[in-house]
Amino acid sequence: MPISIPLNATLQYSSPSSSSSSSSSSLVPSSPLFSPIPSTTVSLTGIRQRCLRMVTSCVSNAQKSVLNGATDSVSVVGREQIRLGLPSKGRMAADSLDLLKDCQLFVKQVNPRQYVAQIPQLPNTEVWFQRPKDIVRKLLSGDLDLGIVGLDIVGEFGQGNEDLIIVHEALNFGDCHLSLAIPNYGIFENIKSLKELAQMPQWTEERPLRVATGFTYLGPKFMKDNGIKHVTFSTADGALEAAPAMGIADAILDLVSSGTTLKENNLKEIEGGVVLESQAALVASRRALTERKGALETVHEILERLEAHLKANGQFTVVANMRGTDAEEVAERVKTQPSLSGLQGPTISPVYCKRDGKVTIEYYAIVICVPKKALYESVQQLRAVGGSGVLVSPVTYIFDEETPRWSQLLSNLGL
Ligand SMILES: Nc1ncnc2c1ncn2[C@@H]1O[C@H](COP(=O)(O)OP(=O)(O)OP(=O)(O)O)[C@@H](O)[C@H]1O
Ligand SMILES: O=P(O)(O)OC[C@H]1O[C@H](OP(=O)(O)OP(=O)(O)O)[C@H](O)[C@@H]1O
Ligand SMILES: [Mg+2]
């Protein structure tokens with residue numbers, strides 16, 4: 001599902017520097033480690049323009065920026081190969097390669113410092129290893145056609161640009177959420193929700209709520225969307241959870257997965273404070289899909305392989321024998337149980353046994369796919385209708401006739 005974040009919002013914030021003139025007890029000057037976003041009036045437009053400048057700076061001379069959906073110019077001709085961007089390092093890197101491997105797409109990277117690689121199964125595609133944020137920037141600039149990155153990075157660096165299309169939004173790794181967190185002590189001890197935080201009398205134009213975040217687009221946008229006026233942002237590259245205890249910020253807006261880092265730094269999440277849920281996604285450039293030869297076919301193949309693997313990943317095949325007079329009678333019995341319908345319905349086939357030298361049918365084999373979560377429940381239901389000798393095995397791939405995400409993609413592209 002495409003993420004849609006409007007680009008035209010504008011928002012004014014009190015400057016970080018104005019806060020240092022206040023006499024509020026929790027005020028501490030900014031530290032060089034947590035640099036305030038450098039402008040006296042932070043506006044979304046300003047942040048966006050800075051991001052646009054960053055994006056355009058990495059666009060090659062032959063190409064121009066196409067941010068804001070302008071279609072005037074990025075050339076998609078000039079190269080034959082489709083380019084897939086994968087995270088070059090960090091926690092998404094190995095998982096991306098593992099996922100492709102599970103889809104029988106083997107990325108041949110001779111050594112980890114080599115930033116380009118091939119996938120023999122996709123001869124028209126080359127892999128480029130990049131930092132996740134650069135994958136998004138390069139999709140926008142036309143230097144990559146496809147990429148695997150977290151939805152958080154798509155939101156932050158894609159900023160709702162319509163040229164970015166989310167082809168698969170749930171690749172089942174890199175789960176985390178972007179969330180606002182506040183100290184669980186002092187003036188915040190009894191604050192449990194964003195509403196309560198916003199209503200605290202401490203925040204004024206002169207002394208705004210100070211939030212440390214690496215998400216300098218999504219952070220201000222979230223605050224604006226929630227009507228929080230007196231807020232200012234500072235940014236840093238990591239270990240943001242230290243900011244409140246150091247007196248540099250009142251709150252942080254950062255990724256959370258296990259919650260351990262928050263807990264270890266005496267911080268807590270609050271109701272209404274989740275900006276977005278994230279996991280790894282397959283993202284594409286709209287222009288590449290519509291204009292680059294072979295790109296749509298390649299994304300179709302990658303999508304099919306991903307869907308077949310991911311769908312199978314959550315399922316077991318269950319085989320059981322059931323005594324019965326005929327297949328329909330067995331089917332009737334099986335259908336009385338809610339968890340035994342399988343993907344399309346149970347497959348029921350005769351089991352041929354030899355009795356007194358004659359081949360007879362007394363048993364029927366039932367084959368169904370069941371969600372892993374519902375395995376035990378399904379086995380109990382099978383037993384309840386006379387199933388015995390239950391065999392359970394993993395499913396490697398489930399290829400549907402056509403994946404719903406493919407139809408969605410075509411309709412999104414207007415095809
Ligand atoms: N606990 C988590 N913290 C941060 N990111 C996570 C977490 N769990 C999953 N992710 C996903 O992994 C992506 C990459 O995170 P990672 O920490 O590897 O890189 P980074 O923070 O951008 O860079 P670095 O930490 O090297 O400066 C995130 O954008 C997010 O989508
Ligand atoms: O909820 P948890 O499981 O504790 O994970 C959350 C932490 O992980 C990330 O930091 P990372 O490890 O990437 O370090 P960084 O701050 O240097 O990026 C994120 O920025 C949080 O600090
Ligand atoms: Mg990190």
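## Ligand 2 and its polar contacts

In this predicted model, an oxygen atom of ligand 2 is placed 3.0 Å from a polar backbone atom of Ala 239, a polar contact being a pair of N or O atoms within 3.5 Å, where pairs within protein also need one atom able to donate a hydrogen and the other to accept it, and residues adjacent in sequence count only if both atoms are side-chain atoms. Arg 91 brings a polar side-chain atom to 2.8 Å from an oxygen atom of ligand 2, while Thr 260 has a backbone N or O atom 3.5 Å from an oxygen atom of this ligand. On its own, ligand 2 has 490 Å² of accessible area, of which the protein covers 66% (Shrake-Rupley method with a 1.4 Å probe; for residues, only the protein chains shown count as cover).

The elements that give two or more residues to the shell are strand E10 (251-256) and helix H9 (260-264), as assigned from DSSP runs (H or I of at least four residues for helices, E of at least two for strands, numbered from the N terminus). E10 supplies the largest share, three residues. The shell, whose members have a heavy atom within 4 Å of the ligand, includes Glu 241, Asp 254 and Thr 261, and it divides into three nonpolar, six polar and three charged residues (Ala, Val, Leu, Ile, Met, Phe, Trp, Tyr, Cys and Pro are nonpolar, Asp, Glu, Lys and Arg charged, and the others, Gly among them, polar).

## Ligand 1

Arg 91 also belongs to the surroundings of ligand 1, where an N or O atom in the Arg 91 side chain is 2.5 Å from an oxygen atom of the ligand.

## Conventions

Residues are numbered from 1 along each chain as its sequence is written, with chains lettered from A and ligands numbered from 1 in the order in which they are written. Local features need pLDDT of at least 70 and side-chain atom pairs count only at pLDDT 80 or more, whereas totals for chains, interfaces and linings use all residues, and side-chain values use heavy atoms, with hydrogens and water left out.
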